[in-house]
Amino acid sequence: STNSEYLGIFHTIGETAKVSNMVITGNIRGHAYLGGLAGRNLGTIENIYNHAHITSTLGNDIGGIVGFNQGTIKLVTNQGKITSNGSYTGGIVGQNDGVIMDAYNRNDVTGFSNVAGITGHNMGEISNSYNSGHILAKDSIAAGIAGTNSSIIYQVFNSGQITATNQNAAGIVGNFSAGNLSEAYNAGMILSKKGQAAGIAA
């Protein structure tokens, strides 16, 4: 159902759970909290490849691997197309309040606002991750790594085109509200149609 929430192979991955060594294919269509693997993660995810295309009709927190992350995600790759009409859309997770390391997004990510190659909103830690997909915000805040950042990001790289239909497009962070950013590199084209375009952070 396109009105369903918490879709993926799992609804929620619990705090003591570990999920590893999987390849995911197919199509997922729903409302909010969508991910190739799970709607929400509280545990540990390792060595996951997502090829599933994920489409949200309206809701928030859409990611290639997980909708909302509060655990640890490492050695993951998204190669599915992620499309949303809501906020907090990422190639890896919709929102991150945990740890993401060694994560790679290689396909297009489209959302309304707070759209990025790794996460739409980072409140946790992201390291050693890169994006090569085209990131498009139908409204504002598009970035290669994190749409909005309020925590820690380091050792990250973007080579994808970043487009904000309204404003705030950046290679690494679209809206730097707080936190720390280091060892970041952008090689992608940045397009902001009405203002605030930056190579690293806007």
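## Tyr6, Tyr33 and the aromatic pairs

Tyr6 has a relative accessibility of 23% and therefore counts as partly exposed, a class that lies between buried (under 20% relative accessible area) and exposed (over 50%), with a 1.4 Å probe and protein chains only. Tyr33, at 25% relative accessibility, likewise counts as partly exposed. This is a predicted model, in which local features need pLDDT of at least 70 and side-chain atom pairs count only at pLDDT 80 or more, while totals for chains, interfaces and linings use all residues. Residues are numbered from 1 along each chain as its sequence is written, and side-chain values use heavy atoms, with hydrogens and water left out.

Four aromatic pairs are counted, a pair being two rings of Phe, Tyr or Trp (its six-membered ring) whose centres lie within 6.5 Å, with planes under 30 degrees apart called stacked, over 60 edge-to-face and the rest tilted. The rings of Tyr6 and Tyr33 are stacked, because their centres are 4.5 Å apart and their planes stand at 0°. This pair links distant parts of the chain, with Tyr6 in strand E1 (residues 5–7) and Tyr33 in strand E5 (residues 32–34), 27 residues apart; strands here are DSSP runs (E, at least two residues), numbered from the N terminus.

The rings of Tyr104 and Tyr130 form a tilted pair, since their centres are 4.7 Å apart and their planes are at 40°. Tyr104 lies in strand E15 and Tyr130 in strand E19 (residues 125–131), so the pair ties together parts 26 residues apart in sequence. Tyr104 is buried, at 19% relative accessible area, whereas Tyr130, at 24%, is partly exposed. Together with Phe157 and Tyr185, Tyr104 and Tyr130 form one aromatic cluster.

## Nonpolar cores

The largest nonpolar core has 24 residues, of which Leu37, Ile45, Ile48, Ile65 and Val76 touch the most other members; such a core is a set of buried Ala, Val, Leu, Ile, Met, Phe, Trp, Tyr and Cys residues joined through side-chain atoms within 4.5 Å. At least two residues of this core come from each of several strands, including E3 (18–24), E7 (44–50) and E23 (152–158). Apart from this core lies another, of 14 residues, among them Leu34, Ile82, Ala137 and Ala142.

## Asn96

Asn96, in strand E14 (residues 93–96), is buried, with a relative accessible area of 0%. Leaving aside neighbours within four places in sequence, the contacts of Asn96 (heavy atoms within 4.5 Å) include Asn69, Thr119, His121 and Ile126.

Technical notes. Helix = DSSP H or I, 4+ residues; strand = E, 2+ residues; numbered from the N terminus.
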